[in-house]
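Hi there,

Here is the structure I promised to pass on. Have a look at it first, and then read my notes below.

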There are 4 protein chains.
Amino acid sequence: MKLAVRSEVAYRSDRGYPCTYVFNLAAANINAQQVEDESLLVDPDVSRDHYETDSLGNRLTRCQLADGGSLSVQYEAVVSVTHSSGIVADIEEVPPGRLPLSILPYTYPSRYCQSDRLMRMAQSEFGRMEPGFTRVLAICDWIYRRVDYLSGTTNAHTSAFETATERQGVCRDFAHLGIAFCRALNIPARFVSAYALELQPQDFHAVFEAYLGGRWWLFDPTRLVPLDGLVRIGTGRDAADIAFATIWGVAETTMQSVSVRRLDGERSEWDGSPVSVDVTPHRGA
Amino acid sequence: MKLAVRSEVAYRSDRGYPCTYVFNLAAANINAQQVEDESLLVDPDVSRDHYETDSLGNRLTRCQLADGGSLSVQYEAVVSVTHSSGIVADIEEVPPGRLPLSILPYTYPSRYCQSDRLMRMAQSEFGRMEPGFTRVLAICDWIYRRVDYLSGTTNAHTSAFETATERQGVCRDFAHLGIAFCRALNIPARFVSAYALELQPQDFHAVFEAYLGGRWWLFDPTRLVPLDGLVRIGTGRDAADIAFATIWGVAETTMQSVSVRRLDGERSEWDGSPVSVDVTPHRGA
Amino acid sequence: MKLAVRSEVAYRSDRGYPCTYVFNLAAANINAQQVEDESLLVDPDVSRDHYETDSLGNRLTRCQLADGGSLSVQYEAVVSVTHSSGIVADIEEVPPGRLPLSILPYTYPSRYCQSDRLMRMAQSEFGRMEPGFTRVLAICDWIYRRVDYLSGTTNAHTSAFETATERQGVCRDFAHLGIAFCRALNIPARFVSAYALELQPQDFHAVFEAYLGGRWWLFDPTRLVPLDGLVRIGTGRDAADIAFATIWGVAETTMQSVSVRRLDGERSEWDGSPVSVDVTPHRGA
Amino acid sequence: MKLAVRSEVAYRSDRGYPCTYVFNLAAANINAQQVEDESLLVDPDVSRDHYETDSLGNRLTRCQLADGGSLSVQYEAVVSVTHSSGIVADIEEVPPGRLPLSILPYTYPSRYCQSDRLMRMAQSEFGRMEPGFTRVLAICDWIYRRVDYLSGTTNAHTSAFETATERQGVCRDFAHLGIAFCRALNIPARFVSAYALELQPQDFHAVFEAYLGGRWWLFDPTRLVPLDGLVRIGTGRDAADIAFATIWGVAETTMQSVSVRRLDGERSEWDGSPVSVDVTPHRGA
């Protein structure tokens, strides 16, 4: 599927104070994504540098405003995305003894996913279920049914421990809770930020990945978008790793807009079957 | 039912430092309880004073050790307790508009029962149930099934907000969570400490009361004891109000023992039907 | 000092759903306050009932909208307030062994003032200071200097435990932290809501009282208003006890306005000396 | 300095249940450490595999007990450690705009170091200090003076947000709070576990590293050990990344012992000057 994505973010900070921004807006550099016609415009045209995380393909851009003021960043790209499907019944949990050791950190608790404090809750709710893909689906279903999707009720400090009881939030909170429950059951899980086709209203989106049957599978407890229409931006332990913008200094957001459309104008035909993408970073691009 | 109760608590504090204790060990002064042959021994025989809370019949004793050292307190009493039963189907929730205004504070959040933060969870779990006594029974059942009774896993700081996710605790934590869920559903609820017949191992116990159909009904989410075999000690918003011992100064508990027995040697014949006791304080005793 | 106070609050709830409100807007019925020309208008003219808390003089009004819709409440009064002054050096802390037992509950932790969790912090910051009025002033000074007064950063769930580290909030949060620190040092403390002369912008205000030298003294860590220009509305353990409006049902605030002025047009001449008011409720008024 | 280190840990789990352990006990594979005569004994002699994290030199060993039971692991090594010293006045903070982008994640909040929630506290306590090495020393000094080192008061769930107010803990909690304050001031910081010479009683130790002047410097807010006598075990964002033992399954610790001694029998002559070690992993070892 070929998608055109576009985002624009703008900030204002006080004159006379330096402000450093790191943006994570570009399509990730992974095998599942072929990027064409990409541009990243920064206004004013300040000095910047770029960085790609080794193993995950996240692409960061740092901008410095030595003297504060306004900054806007506009990203545009055309991206071809591919994915693999799977058969639910075939996708099994991997016991801790057979997990690749490099994947273990995705079973550890993180800032927004305190799986260590949700062990008993996860056991009580999901512990007696059949292990495998359907158990992670049951986690997503639980979240979908019991947490209300409500903009403006949570903020950048809200974590899964709170969402487990406060039962409200946005896509980011839904993903964090899904990740925390998975890890509490020894299922490696991680956070994925993305441009998402058919998200209404258009905005950045967050979903999660769980490691099952030897690969990473995508899950969206919000049920807001088709999983085959995602352009991945970043992959991390949780939102702390892959904020769209990380700011050192005091700045105010003055605008944020996102658009995603399919170039052939069609809607996704995703039928709900498992979706996995090849997250190996491109080499020698 | 006539019960003999006995408790002994002992503390040690450093010599040279004053230490003030307030004990809440005596059977409450309420109509449902006729106290006979009561004694409260304090060793050493320090100065003390007594106080009864106006409307709840809680009886406090304050002891002062001007120079620290050891202190032991032994309470013994024979108490006749009576209660009323009810028919589950008849006991209805009272809408907020018809609650006596003096009872409203029992719908407010308190230190260990943050009902304000559990609103959506209570709605999600119990909001669509038929209101009334059976809904509070469902709350108790939920707690019984999903929270593990485990000594030593919680402490004096643990509150319902944590227990809702961490899913472990003792009678005090079970009662706090029951209270918090009730209040989150606008059902007034409060904490009751008691001597409890047939509790194994013998110890102080905690249950809760919910206000339904115009009176207070007892509930025990631990299911550890018959509700007709309680000698009430204190009634409060939560455990902060009616600690067995409140200590100003640094002291270490060196012993705590409780015994409760029925004077005719019989076991309770409680059949599980609703239990309410007349909590009006005795006057002019 | 004679003050004219006025407040107006309005709400909207969905038609077809009952909504019950309890308002605590009227000047408290205490000896320090003589109320003249008082009116409480409710529009529409729904059924209501009134209640005064026994020992504190708080005055509650409950309104019921059986069928939802809009509600506005307007309170006006002219109140003469008197107070006592004291000499800082004379006002001593009362050791726990000599506190009136009825005052002990104001040393317990409460929903928004988790003094049990702030013991060591209070000891570390204030434990070596000379006990007495100046120590409570030091607490207020600490809060004033280290917590930023910022509207919109906290909400109805924010408690002293959070404010101790997050260091931002409004008058309510400042008062909660002051109360929690006092209690952690065994100084009884409680929450006071009030109409406040010279508060800019005009709004409801919150301060706290600490029990020292045998009476309650007022403290305002925000330093926003003179302490002799307060018309007390409510007294409680914390904001949970004396919300301006407690609502059962789903309603949205559509307006809130407050005005306070001195009838002789003068400003307060308060010189910063200790202020205590006679909080004994009027009898037989 | 040449040190002999030894640790032994043992666990027991129920027969019939699988249990997987990952141990992080071995001296890290970094340029500053030359390991000689190393051995890792596992009893019983179960299947195991080894893994070294790419960029940090952490060495993990996974053991599987398919059928539960007892397990003990004994690690011994002789390690030569070297370090660089620095001059306090020369070691400056690196502005965010000049930080290597690969180091940015050490400014993000993590499970036990919620720097996002401690921003204002860090600003209030340390924001006006001169940036640089002395500011991090001031953070350590603050922690040393205001947090009580008390075994058994905290557990595996305790995080910096709590320690900031509860003011008690062990080396792990001290390090987490130091890290959180640094990150809140934009100073990259990370967790280091180690064998520590002269630690009384002997045990595993935790300190932290801050990135200043282009390299990582060691800090120990507990002041319990000389910083030149550490044999590094692991480096991570916080303790979640480098637990000595991570266990999947239910197991009980039955023993834990550590010993560290200097082979020439001397004590450290560390004079308190800044200590930095070359953490580049050995290649081709």
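Let's start with a term that comes up all the way through: two residues are in contact if their C-beta atoms, placed from the backbone, lie within 7 Å. By that rule no contact joins chain A and chain C, and their closest C-alpha atoms lie 11 Å apart. Chain B and chain D are likewise not joined by any contact, with 11 Å between their closest C-alpha atoms.

Some housekeeping. This is a predicted model, so local features need a pLDDT of at least 70 and side-chain atom pairs count only at pLDDT 80 or more, while totals for chains, interfaces and linings use all residues. Residues are numbered from 1 along each chain as its sequence is written, and chains are lettered from A and ligands numbered from 1 in the order in which they are written.

How confident is the predictor? For the complex it gives an ipTM of 0.95 and a pTM of 0.93. Chain A has an average pLDDT of 95, and 99% of the residues score at least 70; pLDDT is the predictor's confidence in each residue, from 0 to 100.

**Chain A by itself**

The secondary structure here is four helices and 16 strands. Both kinds are DSSP runs numbered from the N terminus: helices are H or I with at least four residues, strands are E with at least two. The radius of gyration of chain A, 19 Å, is close to the 19 Å that the globule rule gives for 285 residues, so the chain is as compact as a globular protein of that length. (That radius is taken over C-alpha atoms, and the rule is 2.2 Å times the number of residues to the power 0.38.) Along the principal axes, the C-alpha atoms of chain A fill a box of roughly 60 × 40 × 35 Å.

Of the 285 residues in chain A, 49% are buried. A residue is buried if 20 or more other C-beta atoms lie within 10 Å of its own, exposed if 12 or fewer, and partly exposed in between, with C-beta atoms placed from the backbone. Among the contacts in chain A with a separation of 6 or more, 78% are between residues 24 or more positions apart.

Chain A is divided into domain 1 (2–82 + 248–257) and domain 2 (85–241), with bounds that come from an automatic or database domain assignment. Their C-alpha centres lie 26 Å apart. Where they touch, domain 1 of chain A gives 12 residues and domain 2 of chain A gives eight. On the domain 1 side, β1 (2–13) and β6 (69–81) of chain A are the elements that give two or more residues. That side divides into nine nonpolar, three polar and no charged residues. For these classes, Ala, Val, Leu, Ile, Met, Phe, Trp, Tyr, Cys and Pro count as nonpolar, Asp, Glu, Lys and Arg as charged, and the others, Gly among them, as polar.

**How the chains meet**

Which chains touch? One pair is C and D, where 13 residues of chain C are in contact with 13 residues of chain D. On the chain C side, α1 (119–126) and α3 (160–166) give two or more residues, and α3(C) has the largest share with four residues. The chain C side divides into four nonpolar, three polar and six charged residues.

Chain C can be laid on chain D with an RMSD of 0.0 Å by a turn of 180° and a shift of 0.0 Å along the axis, which is the relation of a two-fold axis. The superposition is by least squares on the C-alpha atoms of residues with pLDDT of at least 70 in both copies. In chain C, the C-alpha nearest the axis belongs to T165(C), 3.5 Å from it. The copies meet through the same surface, because 100% of the interface residues of chain C are also interface residues in chain D.

The contact between chain D and chain A takes 24 residues from each. On the chain D side, β2 (19–23) and β5 (59–65) each supply at least two residues, and β5(D) has the largest share, three residues.

**One residue to look up**

P188(C) lies in the loop between α4 (171–184) and β10 (189–196) of chain C. With 23 C-beta neighbours inside 10 Å, P188(C) counts as buried. Not counting residues up to four places away in sequence, P188(C) touches L99(C), I103(C), Y106(C), T107(C), A210(C) and Y211(C).

Cheers
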